[in-house]
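Subject: A structure to look through

Dear colleague,

I am passing on a structure that I would like you to read alongside my notes. Please open it first, and then follow the points below in order.

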Amino acid sequence: MRALVVDDSRAMRALLTNILQSIGAEVTQAKDGCDALARLRSADRLPDLMLVDWHMPEMDGLELIKQVRKDPAWKPMTVMMVTTESEQENMVRALLAGADEYLIKPFTRDAVLEKLNLLGVHVPEQALAALTGG
Amino acid sequence: MTLTAREEDTFPFFQDYIFAKSAIVLTEEKRYLVETRLAPVVQQANLSCLGDLMRALLRGDRQLETAVVDAMTTNETSWFRDKSPFEALRDHVLAERMTANSGRRALSIWSAACSTGQEPYSVAMILEAHFPELSFWNVEILATDLAAGALARARQGRFSALEINRGLPAAHLLQYFSREGAHFQINDSLKRRVLFQQLNLAQTWPVIPPQDVILLRNVLIYFDAPTRQRVLAGVRANLRPGGFLLLGAAETTRELVGGFVPISVAGTTVYQLKEN
Ligand SMILES: C[S@@+](CC[C@H](N)C(=O)[O-])C[C@H]1O[C@@H](n2cnc3c(N)ncnc32)[C@H](O)[C@@H]1O
């Protein structure tokens, strides 16, 4: 599985990258919406999954998702917004813009894997079984 | 603490006590659990150590008994936990029971270790989202657990963002919850569908109406083999012929008493009680 992590915080990118790599994903990072679009345009293969922060300097996550959803070639990509925004109106905006799921910061590793499982992104059996057992 | 008062070893007492109250088995490597989970109970009761807590329990302090049992249960749960059992419910189990019960137009579902409510509420969401025709049926979702604290939270239906993050589809969050401060409150329409009651699986059960589906997930793992067998026999006795048992993803079925047929559906296994 290939994933693109878009967040202006280096620590957050590292955290998400770490979680995704732990389930065998090949991860690239982008530091804002513009950076992400550039990477998508130049990538030879489309990521299967994109995790997107909301507030970022050069093009925010909402705008990025709108841009991404304009291009039919990028349609197969699963997009999840990962943000501190927890107002329901904002979730509606993100989903309307084309996000498939929404995760509120702060989150646990379990929460990320459960959302991915929900989205039909392949999460290895062992990783799911190891979710805070019992 | 005085130098002479050597810390007494209360672990064997708590092992026996928890087993007697809940059938939960605490092996030696769970020693740390007893210490970390009971320390707050000791503190809140203004006691000074686990020994004092032990003596209060021996005197029969009911309030402390509840606090200790609550503290020693693991209430870890999530929405649509493991996903596939809920898909099996949606795509196979419910349809089959609805066909079987079409004459009576009644359906009973029991979440037998419901913790803070995510499991029965997930079932309620499936009913509401995918089975509108059931609004003309008599549908009962019974949700029980031993832990009084977890049950109280389940009844209240108020969840933190961290809990909401755990497997709840965003669309469901928007549809079935409203934001209240830092929390999310589940809608009354869902709350009304679930009846929460305290029930200890390890003791004699109250009379329960025959069930179409029983979810007994991630609770047998805490019990020893004889308790697991007794609980499974109870489940069998409370299930309608043709009814379904859903276990946790990691749970073995070695002790499953006869009469159940494993059925693979939606990438998981559900167990159907044979029609006689
Ligand atoms: C890990 S949770 C599982 C919750 C939910 N079924 C799930 O799969 O996510 C285990 C639950 O079993 C309950 N439990 C433990 N011993 C019990 C007993 N003897 N009778 C009833 N419930 C019990 C605990 O209180 C706890 O809420």
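How many salt bridges does the rule find across the interface of chain A and chain B? The rule finds 3 of them, where a salt bridge is a side-chain nitrogen of Lys or Arg within 4 Å of a carboxyl oxygen of Asp or Glu. Before going further, please note that this is a predicted model, in which local features need pLDDT of at least 70 and side-chain atom pairs count only at pLDDT 80 or more, while totals for chains, interfaces and linings use all residues. Residues are numbered from 1 along each chain as its sequence is written, chains are lettered from A and ligands numbered from 1 in the order in which they are written, and side-chain values use heavy atoms, with hydrogens and water left out.

The interface

Chain A brings 23 residues to the contact and chain B brings 24, contact meaning heavy atoms within 4.5 Å. The area buried between the two chains is about 1900 Å², with 55% of it given by carbon and sulfur atoms; buried area is the accessible area (1.4 Å probe) that two parts lose on being put together, summed over both.

One salt bridge joins the side chains of E114(A) and R166(B), at 2.7 Å from N to O. On the side of chain A that touches chain B, at least two residues each come from α4 (88–97), β5 (101–104) and α5 (109–118) of chain A, and α5(A) gives the most, with 6 residues. Helices (H or I, at least four residues) and strands (E, at least two) are DSSP runs, numbered from the N terminus. By class, this side of chain A has 10 nonpolar, 8 polar and 5 charged residues; Ala, Val, Leu, Ile, Met, Phe, Trp, Tyr, Cys and Pro count as nonpolar, Asp, Glu, Lys and Arg as charged, and the others, Gly among them, as polar.

R166(B) also meets E76(B) in a salt bridge between their side chains, at 2.9 Å from N to O. E76(B) lies in the loop between α4 (62–72) and α5 of chain B, and R166(B) in the loop between α8 (161–164) and α9 of chain B, so the pair ties together parts that are 90 residues apart in sequence.

Pockets and cavities

On a 1 Å grid over the protein atoms alone, a cavity is a set of points where a 1.4 Å probe fits but cannot get out, and a pocket is an open set with protein on both sides within 12 Å along at least five of seven lines; lining residues have an atom within 4 Å of a point. Grid points are joined across faces, edges and corners, and a volume is the space filled by probe spheres set on the points.

The largest pocket has a volume of about 570 Å³, and of its 27 lining residues the closest to its centre are E125(A), D82(B), S84(B), A249(B) and G267(B). β10(B) gives the most to this lining, with 4 residues.

The whole structure holds 2 cavities of 30 Å³ or more. The largest cavity has about 310 Å³ of space and is lined by 24 residues, with T74(B), A113(B), D145(B), N218(B) and V219(B) nearest its centre. The second largest cavity has a volume of about 50 Å³, and its lining includes M91(A), Y102(A), I164(B) and L168(B). This lining divides into 8 nonpolar, 1 polar and 1 charged residue.

With best wishes
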